[in-house]
Amino acid sequence: MLSYQHAYHAGNFADVHKHLALFSVSNYLLRKKSPITYIDTHAGRGLYPLSASESQRLQEHSHGVEPVWQARHNASQQLLDEWCRALGDAQPDKAVLSHYPGSPWWLGQVLREQDVLRLYELHPGEHRHLSEQPLANNAARIFGDGLEGLKRQLPVTTPRLCVLIDPSFERKDEYREVAEVVRFTLAKARHAVVLLWYPLLPAAHHAALMDNLAASGIRKIWRSELVQRPKGSATHGMYASGMLIINPPWGVDETLSAAFDEVASLLGEPCCHRGRWLVGE
Ligand code: SAM
């Protein structure tokens, strides 16, 4: 039973964190011509009108993408400037932030003829919305379980693989399932670049995921956390957004750290960014 709907949260601080990381990594990957398979295991619907009742209910975008968009003409980090320009391309009127694009849109932007994109979505309604989005012919929208789908695709036919795993973590078991799939993926494709999003909750369910992957034998994992409020400030709810980047392209950690520091300052106190290596470097 899937009850999570991303439309309630689209454009929040965690989306900015996740999609800026995805944008940066995919831009690094574009420096080489060799084909890439992108797999998005939990795609969502792809594009979210911010005027929709779901987005208006919690208004999470007002403490996420909106302050970043408002400051876009003064961005000091090149990555942030380029990300905001790309965000403008998703708007019917480029000067007005009316929509927030999800991971299928961000991946669709970097897709070249030689690449492949596979988008998995298990919620029938979300999948229907996703099917209505304009995407290139080499982007496949698949109604089904993304973790199982990813396993079935391995090894991929292209020389390079980039995976985004962005579950809703509605079940506690998902942390273990995700760790198993990441281990399986890296065993089949040692050089795969994997971006794994996780929430930081007071119950600290993510801790076992970190321990599991730190002990997995994977050689390089960069860990980035965008903290919205202090850990002890509430007994429930996400206080920070976490991102693991496995096998990050060289230099991406520094580029992202600088951009996330700028994002944190735009979101205002007590927001801050912590970047460090879980494994390697
Ligand atoms: N990645 C999207 C983005 O960045 O715009 C947001 C994804 S949202 C956090 C999680 C999505 O995963 C939801 O749309 C949910 O319906 C879907 N989902 C949940 N379990 C799934 C599964 N096992 N396989 C594929 N999709 C799943």
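Hi everyone, thanks for coming. Two housekeeping sentences to begin with. The model is predicted, so local features need pLDDT of at least 70 and side-chain atom pairs count only at pLDDT 80 or more, while totals for chains, interfaces and linings use all residues. Residues are numbered from 1 along each chain as its sequence is written, and side-chain values use heavy atoms, with hydrogens and water left out.

Let's start with the ligand. Which residues are closest to it? There are 19 residues around the ligand, and the closest are His19, His42, Glu121, Gly146 and Asp166; a residue is near a molecule or strand here if one of its heavy atoms lies within 4 Å of it. Aspartate 166 uses its side chain, where an N or O atom is 2.7 Å from a nitrogen atom of the ligand. For serine 103, also through the side chain, the distance to a ligand nitrogen is 2.9 Å.

Now please turn to strand S8, residues 221-227. A word on labels: helices (H or I, at least four residues) and strands (E, at least two) are DSSP runs, numbered from the N terminus. I will also say "buried" a lot: that means under 20% relative accessible area, with exposed over 50% and partly exposed in between (1.4 Å probe, protein chains only). How many of the S8 residues are buried? Seven of its seven. Ile221, Arg223, Glu225 and Val227 point one way, Trp222, Ser224 and Leu226 point the other way, and all are buried.

S8 has partners, too; two strands pair if DSSP finds at least two bridges between them. With strand S9 (residues 240-246), S8 runs antiparallel, joined by seven bridges, and tryptophan 222 sits opposite isoleucine 245 there. With S10, S8 also pairs in the antiparallel sense, again over seven bridges, and glutamate 225 faces arginine 274.

On to the core. A nonpolar core is a set of buried Ala, Val, Leu, Ile, Met, Phe, Trp, Tyr and Cys residues joined through side-chain atoms within 4.5 Å. The largest one has 87 residues, and the members touching the most others are Trp83, Trp106, Ile165, Val182, Leu195 and Leu209. Helix H1 (residues 13-29) gives the most to this core, with 10 residues. In soluble globular proteins, nonpolar side chains tend to be buried together. Take leucine 195: leaving aside neighbours within four places in sequence, its contacts (heavy atoms within 4.5 Å) include Ala21, Leu22, Val25, Cys162, Ile165 and Ile245.

Finally, the loops. Histidine 61 lies between helix H2 (53-58) and helix H3 (65-70) and counts as buried because its relative accessibility is 4%. Beyond four places in sequence, the contacts of histidine 61 include Asn12, Leu50, Gln56 and Glu66.

Where are the cis peptide bonds I want to show you? One runs from leucine 154 to proline 155, with omega near -5°, and proline 155 is in the loop between helix H7 (146-153) and strand S6 (160-165). Another joins glutamate 269 and proline 270, with omega about 0°; proline 270 is in the loop between helix H10 (252-267) and strand S10 (272-279).

Two non-glycine residues have positive phi. Phenylalanine 169 has phi near 50°, in the loop between S6 and helix H8 (173-188), and is buried at 10%. Alanine 204 has phi of about 55°, in the loop between strand S7 (193-200) and helix H9 (206-214), and is partly exposed at 28%.

That's my tour, and I'm happy to take questions.

Definitions and conventions
A polar contact is a pair of N or O atoms within 3.5 Å; within protein, one must be able to donate a hydrogen and the other to accept it, and residues adjacent in sequence count only if both atoms are side-chain atoms.
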